[in-house]
Amino acid sequence: MSRRRLILPGGVLLGGALLGGVARASSQVLTGESPFKRELREFARKAGMDDSAKEILGPFADLAHRMGSAFYGALLPNSHSSLHWPFLILTVMIAAALFVLRKGRGAKGADGRERSGTLLEYLLPRSIYAHPSARVDIALYLIDRTLMPIWGIAFLAALAPVTERSTIGAMQWIFGSSPGLAPTIGWKLLYGAVTLLLVDMFFFFYHLMMHRTRMGWAIHKVHHSAEVLTPLTRSREHFLEAPIEAAFTTVGLSLSGGIFAYLFNGGITEITVMNLGIFFFAYTLNGNFRHYHVSLRYPRWLEYWLQSPGMHHTHHSILPKHWDSNLGLVTSIWDRLFGTLYIAERDEETPWGLAPRDQAECRTLSQNLWAPFREMHAMLGGKTAGEAAVRTQISK
């Protein structure tokens with residue numbers, strides 16, 4: 001078999017035996033040097049403060065820099081985030097257009113029922129954004145942003161290259177040397193579409209696991225403890241869940257990267273808009289509406305194929321008929337196959353949150369941070385999962 005040198009879409013150079021490649025990747029990732037310190041040194045160098053850049057930073061200074069980066073990122077998220085200012089502005093503009101077209105209909109209150117009001121009340125209702133649940137969203141978002149670099153190093157910098165190398169090695173073993181196809185626009189579009197579909201598939205099975213296993217639900221219930229939906233609710237998750245989701249998503253991304261790197265001998269990239277693949281960009285345009293009180297729905301026939309943001313409102317509902325529904329990220333294909341698809345009526349009530357007892361235990365930040373550990377302790381003690389018991393009582 002020919003050992004051709006392949007350059008991955010992410011710029012990872014592949015050559016030689018797989019084991020050697022993994023060893024080199026490990027030595028590059030596990031350097032023992034904080035990336036935050038490197039960023040700080042680079043900033044100082046560009047500012048002409050070379051002497052300061054050589055200063056030794058202790059662990060507490062490093063931690064302070066991490067927290068500072070998180071707060072800065074909360075105000076100015078990067079363009080990879082749906083919370084980036086252009087996307088937030090676009091979200092408000094679309095919501096304002098919906099207010100006019102629907103004549104004030106389509107916005108939901110804290111009880112999950114449609115409510116009417118002025119344009120300002122439609123876009124930024126006090127009952128939503130002054131709610132205690134919204135304040136917990138902010139705190140959990142900042143924690144998520146603080147820990148995000150860790151998951152980026154652990155998965156995107158470690159798991160992704162290994163997965164891509166393994167995929168390329170398997171395809172070389174099965175099909176031989178790379179055909180070295182020419183990366184036309186059509187192929188680039190296909191690469192973006194396949195990547196999105198693979199991520200969607202892995203996300204569905206991750207989401208299904210979090211809902212259908214006791215351990216998964218103990219962690220994921222923190223996200224579902226949101227009693228109101230705001231764009232920040234997307235990051236309302238326990239710090240134990242972030243690495244699980246990151247691992248599933250990374251495998252989907254790198255599996256696609258490996259397949260297309262083999263086909264094009266590494267010379268393939270996505271068509272991007274604002275540093276996002278074109279299909280991810282299209283998803284991000286309405287991504288904020290998944291956790292926004294204004295319902296954005298697609299035509300009913302289209303929702304059998306694509307997940308509209310309004311379908312995620314149903315996913316967060318406490319009503320028994322809505323439990324564990326609409327688990328997909330982009331498509332409705334997997335929900336249809338596994339019987340979890342639910343297409344609600346246009347003005348259907350969707351009260352958000354958890355069953356009463358669990359909701360009472362997951363209202364404050366400290367309660368949400370400790371809730372999964374309480375559940376795990378109960379599991380080890382052989383106790384019945386509280387949520388399952390409460391759900392049974394409600395359904396009766």
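How many residues does α5 have, and how far does α5 reach from its first C-alpha to its last? In this predicted model, α5 has 17 residues and reaches 24 Å, close to the 24 Å expected at 1.5 Å a residue. The expected span of a helix here is 1.5 Å times one less than its number of residues.

A word on the ground rules comes next. The model is predicted, so local features need pLDDT of at least 70 and side-chain atom pairs count only at pLDDT 80 or more, while totals for chains, interfaces and linings use all residues. Residues are numbered from 1 along each chain as its sequence is written, and side-chain values use heavy atoms, with hydrogens and water left out.

Taken as a whole, the protein has 18 helices and six strands. Helices (H or I, at least four residues) and strands (E, at least two) are DSSP runs, numbered from the N terminus. Of its 396 residues, 45% count as buried, where buried means under 20% relative accessible area, exposed means over 50%, and partly exposed is in between (1.4 Å probe, protein chains only). As for contacts (heavy atoms within 4.5 Å), 73% of those with a separation of 6 or more are between residues 24 or more positions apart.

Back to α5, with its two faces. F87, T91, A95, L98 and F99 are the buried residues of this helix. They cover an arc of only 125° around the axis, which puts them on the same side of α5; the arc is that of the directions from the helix axis to the C-beta atoms. The general rule is that an α-helix has 3.6 residues a turn, so residues three or four places apart point the same way. On the face of α5 turned away from the buried side sit the exposed residues M93, V100 and L101. The cover over the buried residues of α5 includes α6 (119–123), β6 (276–277) and α12.

How α5 meets α12 can be spelled out. The axes of α5 (residues 85–101) and α12 (residues 278–287) come within 9 Å and cross at roughly 55°. The two helices are therefore oblique to each other. Axes are lines fitted to C-alpha atoms, for helices over the stretch in contact, and angles run from 0 to 180 degrees between N-to-C directions. Angles under 35 degrees count as roughly parallel, over 145 as roughly antiparallel, 65 to 115 as roughly perpendicular and the rest as oblique. On the α5 side the contact is made by F87, L90 and I94, and on the α12 side by F281, T284 and L285. Sorted by class, this contact has five nonpolar residues, one polar and no charged. Ala, Val, Leu, Ile, Met, Phe, Trp, Tyr, Cys and Pro count as nonpolar, Asp, Glu, Lys and Arg as charged, and the others, Gly among them, as polar.

Helix α12 has other partners too. Its buried residues are F280, F281, T284, N286 and G287, and they pack against α5, α9 (185–212), α11, β5, β6 and α14. With α9, the axes come within 8 Å and cross at roughly 55°, which makes α9 oblique to α12. L189, G192, A193, T195, L196 and V199 of α9 make this contact with I278, F279 and F280 of α12. Its make-up is seven nonpolar, two polar and no charged residues.

Nine of the eleven residues of α10 (residues 214–224) are buried, so α10 is largely enclosed by the rest of the structure. Among the buried ones are W217, K221 and H223. In α8 (residues 132–175) there is T167, which counts as buried at 10% relative accessibility. Leaving aside its neighbours within four places in sequence, T167 touches L255, G258 and I259.

K103 lies between α5 and β3 (107–108), and its phi is near 55°, a positive value in a residue other than glycine. K103 is exposed, with a relative accessible area of 77%. N265, in the loop between α11 (241–263) and β5 (272–273), also has a positive phi near 55°, but N265 is partly exposed at 23%.

L306 sits in the loop between α13 (300–303) and α14 (309–315) and is partly exposed, with a relative accessible area of 33%. L306 and V330 are 24 residues apart in sequence and 5.9 Å apart in space, C-alpha to C-alpha. Neighbours within four places aside, L306 is in contact with Y298, M311, V330, T331 and S332.
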